[in-house]
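Please walk through this structure from the overall fold down to single residues. The account below follows that order.

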Amino acid sequence: MSTKGPENEPAETEPTETPEAGSTDTKTASDTDRVPEASRWHLALREITTGNALVAVLSVVLAMFFGSLMILFTDEDVRYGLSYFFARPSDTFYYAWEAISGAYVSLWRGAVYNDLGGTFVQQIKPITETLKFAAPLTLAGLGIGLTFRAGLFNIGGRGQMLLGGAAAAFVAVRLDLPMIVHLPLAILVGALVAALWGGIAGLLKALTGAHEVIVTIMLNYVGYYLVFYALTRKSLLQAPGSGNPKSSPMPESAILPDLLGPQFNLHAGFLLAVLATFLVWWILNRSSLGYRFRAVGENPSAARAAGINVGGTYFSAFLISGALVGMAGVNQVLGSVTDGATSGLDAGIGFDAITVALLGRSRPFGILAAGILFGAFKSGGFFMQASEGIPVDIVLVIQSLIVLFLAAPPLVKAIFRLPTKEA
């Protein structure tokens with residue numbers, strides 16, 4: 001007599017009964033291999049947010065190519081050359097080259113190095129402007145990218161920036177302290193308030209399963225109106241003697257110091273962005289918390305089976321993400337725009353950061369590089385419009401096209417004939 005147990009399972013499987021005709025229990029191979037709908041969305045999100053870096057680079061190339069086409073269509077000389085193209089086609093090609101090369105050369109001069117500047121300060125000022133714009137984009141992008149690695153989608157950058165910036169402004173204008181205490185305290189309070197605001201979405205996700213996209217979008221509106229309310233109350237943030245929804249200017253003791261002197265606009269906010277990049281890299285790659293983020297982001301069901309508290313991981317991810325995105329708001333209030341906080345202090349950065357995180361493939365140093373690239377677009381776009389008469393909106397179109405191609409990796413691979421995973 002033999003007994004069955006885990007140690008002596010029979011090598012042969014029990015014969016299965018043939019289902020009767022019309023039975024609803026019939027299973028085919030295609031049924032067992034079918035991926036649940038939720039898993040499909042999870043896999044798609046992971047492919048978009050953490051996919052091949054080459055796809056990100058090629059997405060930028062494609063966006064620049066289509067941006068060049070738009071430059072051609074908006075250039076008057078090119079349109080004039082097209083009017084007699086068959087009579088003298090060389091003119092059209094000449095005008096097209098002049099339009100495209102002139103646009104991107106002016107973009108370079110406005111973003112990196114202006115060789116036409118009369119002094120050394122004027123020549124290198126463009127790169128400092130690029131780094132100034134890159135700082136909040138990088139900070140917010142790091143926060144968004146961290147949630148991507150945990151399998152989440154944080155659309156609440158605007159609200160987190162507003163709450164973080166407003167909290168930092170409140171500490172800055174309401175307290176009178178020496179700079180060694182005042183500035184760190186304002187930064188800390190701004191990051192903490194934004195972390196708690198982001199944690200609301202993580203808590204609801206963990207406790208009720210509420211979808212973080214819907215929750216964070218709604219929190220954007222709530223955050224905006226809370227900050228607007230504070231800016232219209234003299235007991236909170238409104239400047240004394242003013243009827244406008246704006247705070248008092250930031251005192252010198254709470255302003256991020258300049259890095260290269262008063263002739264440049266670059267301040268210590270960029271250093272905060274670089275430090276935050278190293279911090280997020282350490283969290284994701286050298287800490288147990290980062291391991292839990294990555295495990296849950298790869299497969300929450302497997303992570304739960306391995307004993308990881310998935311809900312707690314979601315909450316932790318949103319806390320840290322909110323703090324990082326809030327730091328972008330702190331950077332704006334205490335560094336870039338110190339004449340007073342307003343309800344528009346986010347300046348669209350909360351949404352641009354999503355593109356930065358996507359382009360950086362949710363990797364900290366990739367996000368830093370993407371932040372600098374988008375900072376160059378912002379800095380050079382204004383110079384391109386002033387020097388060449390090209391609408392700055394074309395830069396926005398290029399950014400939008402980058403998002404489009406990043407969201408469709410198979411399309412980019414097909415255009416450039418890249419091998420797929422199946423191949």
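Helices here are DSSP runs of H or I with at least four residues, numbered from the N terminus. With that numbering, R361 sits in the loop between α14 and α15, the latter covering residues 364–388. The model is a predicted one.

In secondary structure, the protein chain has 17 helices and 0 strands. Of its 423 residues, 46% are buried. Among contacts with a separation of 6 or more, 74% join residues 24 or more positions apart. The chain exposes about 21700 Å², and carbon and sulfur atoms supply 64% of that area.

Helix α8 can be followed from end to end. It spans residues 179–208, 30 residues in total, and its first and last C-alpha atoms are 43 Å apart, close to the 44 Å expected at 1.5 Å a residue. Even so, α8 bends by about 25° at G199. Just after the helix comes G209, with a positive phi of about 75°.

H182 also belongs to α8. Is this residue, H182, buried or exposed? Buried means under 20% relative accessible area, and H182 counts as buried because its relative accessibility is 0%. Leaving aside residues up to four places away in sequence, H182 touches V171, A172, L175, L177, P251, S253 and A254.

On the surface, L54, V57, V61, L411, I415 and F416 form a nonpolar patch whose accessible area is about 480 Å² together. Two elements, α3 (53–74) and α17 (409–415), each give two or more residues to this patch. The most come from α3, which gives 3 residues. F416 lies in the segment after α17. Its relative accessible area is 32%, so F416 is partly exposed.

Backbone phi angles deserve a separate look. Most residues other than glycine have a negative phi. A347 is not a glycine, yet its phi is positive, about 50°. This residue, A347, is located in the loop between α13 (310–336) and α14 (349–359). With a relative accessible area of 47%, A347 is partly exposed.

R361 likewise has a positive phi, near 55°, and is a residue other than glycine. It was placed above in the loop between α14 and α15. Why does R361 count as buried? The cut-off for buried is under 20% relative accessible area, and R361 is buried because its value is 5%.

Methods:
Residues numbered from 1 in each chain as written. Predicted model: local features only at pLDDT ≥ 70, side-chain atom pairs only at ≥ 80, totals over all residues. Heavy atoms only, no water. Buried < 20%, exposed > 50% of the residue type's maximum accessible area, 1.4 Å probe, protein only. Contact = heavy atoms within 4.5 Å. Areas by Shrake-Rupley, 256 points an atom, 1.4 Å probe, with all protein chains shown as cover. Expected span 1.5 Å × (residues − 1). Bend = angle between axes of the 7 residues up to and from the residue. Patch = residues over 30% accessible without salt bridge, like charges linked within 9 Å, V, L, I, M, F, W, Y side chains within 5 Å. Salt bridge = Lys/Arg side-chain N within 4 Å of Asp/Glu carboxyl O.
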